[in-house]
Amino acid sequence: MITDEDCLAETLAFNTHFEATAARRPAREDTPGPDLLAALRRNRLGGDTPPTRLPYGRDRVVDGGVRVRIFVPERVDGVYLHFHGGGWAFGSADGQDERLWLLARRTRLAVVSVDYRLAPEHPFPAGPDDCESAARWLVRHARAEFGTERLLIGGESAGAHLSVVTLLRLRDRHGVTGAFRAAHLLFGPYDLSMTPSQRSFGSRRLLSNTETLRRTYELFTPGMGVEQRRDPEVSPLYADLAGLPPARIVVGTEDPLLDDSLFLARRWQATGAPVRLGVVAGAMHGFTLFPLRVTERELLRERDFLCTAGTVASPR
């Protein structure tokens, strides 16, 4: 269903302003060099300033040498395994401390954000391997570490893709189903061979467009052709989704990844698992990074979903 149509004028006006500002910036290199990569990685996603690092976060190395950043509120009713966005090439576990600490306090969830390895230095399957290792660690140690076995999983953009890939790996490689009781998936790319909305979006200078997606896939999966990117281990839209938990899937109408969420929601629902699909009127890719009314609403909907999801134990 389409939400937030009453905010459409504000949302579209922001998109127009964003495009105009982006058009004044010099075009980036197709393949960013190490200096540019380092500079982009120092800044928060969607902005030009470094992120704020809060004292509430705790850095840790878990099984497989994977680094995570953990936020534990005063009361813990569950654990949210979080994967950040950034096209598998940007972002970090400590790049959204303010948001994750607010989420932890609002939902009474311990948040474990994974600092998975980034492309192009570490292309596929390095990032998914790290996410799989972190998920397996949490499945084994959540009770001892956090006093609960109520586990949720999710992320934004590339993090949403990694969430689904991780659930599939747990099921297919380790026979683990039901450990994560819900998935929260924001504007993810689920078909790296490109859905129709990705291919037809064109060159609009929003946070993501057809060409930036194509370059991102080339960095993450170098040397792969279109058919290889349809492998279910790369593009979860082509996977058997049976046995996955209830999900909330969110995307904006002005996102080139619109079809990815629509198609995934339909296929997920066909397995019998409950799915909540939210399509935000006028919202571009990554809209939750920006100070909009639809962002405020989305954060409240996220809170409500994560507070209640998986409160009745799922069968294993």
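# A first look at the helices and loops of this model

What covers the buried residues of helix H9 includes helix H5, strand S7 (180–186), helix H6, strand S8 (247–254) and strand S9 (275–284). This is a predicted model, in which local features need pLDDT of at least 70 and side-chain atom pairs count only at pLDDT 80 or more, while totals for chains, interfaces and linings use all residues. Residues are numbered from 1 along each chain as its sequence is written, and side-chain values use heavy atoms, with hydrogens and water left out.

Helices (H or I, at least four residues) and strands (E, at least two) are DSSP runs numbered from the N terminus. Buried means under 20% relative accessible area, exposed over 50%, and partly exposed in between (1.4 Å probe, protein chains only). Contact means heavy atoms within 4.5 Å.

- The buried residues of H9 are Leu-258, Asp-259, Asp-260, Ser-261, Leu-264, Ala-265 and Trp-268.
- H9 (residues 258–270) has 13 residues, which should span 18 Å at 1.5 Å a residue, and its end C-alpha atoms agree with this at 19 Å apart. The expected span is 1.5 Å times one less than the number of residues.
- Just after H9 comes Gly-272, with a positive phi of about 100°.
- H5 (residues 158–174) is mostly covered, with 14 of its 17 residues buried.
- The end C-alpha atoms of H5 are 23 Å apart, in agreement with the 24 Å that its 17 residues should span at 1.5 Å a residue.

**How helices pack**

- Two packed helices are described by the angle between their axes and the distance between the axes. Here axes are lines fitted to C-alpha atoms, for helices over the stretch in contact, and angles run from 0 to 180 degrees between N-to-C directions.
- Helix H4 (residues 126–146) and H5 cross at roughly 65°, and their axes come within 9 Å. That makes H4 roughly perpendicular to H5. (Angles under 35 degrees count as roughly parallel, over 145 as roughly antiparallel, 65 to 115 as roughly perpendicular and the rest as oblique.)
- From H4, Gly-127, Pro-128, Asp-129, Cys-131, Glu-132, Ala-135 and Arg-136 meet Leu-162, Val-165, Thr-166, Arg-169, Leu-170, Arg-173 and His-174 of H5.
- The contact of H4 with H5 has 6 nonpolar, 3 polar and 5 charged residues. (Ala, Val, Leu, Ile, Met, Phe, Trp, Tyr, Cys and Pro count as nonpolar, Asp, Glu, Lys and Arg as charged, and the others, Gly among them, as polar.)
- Helix H3 (residues 97–107) packs with helix H10 (residues 293–308) at an angle of about 50°, with their axes 9 Å apart. H3 and H10 are therefore oblique to each other.
- On the H3 side the contact is made by Arg-99, Leu-103, Arg-106 and Thr-107, and on the H10 side by Leu-299, Leu-300, Glu-302, Arg-303, Leu-306 and Cys-307. The residues of this contact divide into 5 nonpolar, 1 polar and 4 charged.

- Cys-131 is in helix H4 and counts as buried at 0% relative accessibility. Leaving aside neighbours within four places in sequence, Cys-131 is in contact with Phe-83, Tyr-116, Leu-162 and Thr-166.
- Ser-157 sits in the loop between strand S6 (151–156) and H5, and at 12% relative accessibility Ser-157 counts as buried. Beyond neighbours within four places in sequence, its contacts are Gly-85, Leu-186, Phe-187, Gly-188, Pro-189 and His-285.
- Ser-208 is in the loop between helix H6 (196–200) and helix H7 (210–220), and counts as buried at 6% relative accessibility. Not counting residues up to four places away in sequence, Ser-208 touches Phe-201, Leu-213, Pro-256 and His-285.

- Most residues other than glycine have a negative phi, and most peptide bonds are trans.
- Phe-187, in the loop between S7 and H6, has a positive phi near 35°. Phe-187 is buried, with a relative accessible area of 3%.
- Asp-4, in the loop between strand S1 (2–3) and helix H1 (8–23), has a positive phi of about 65° although it is not a glycine.
- The peptide bond from Ala-119 to Pro-120 is cis, with omega near 5°, and the bond from Phe-124 to Pro-125 is cis too, with omega near 15°.
- Pro-120 is in the loop between strand S5 (109–114) and H4, and Pro-125 is found in the loop between S5 and H4.
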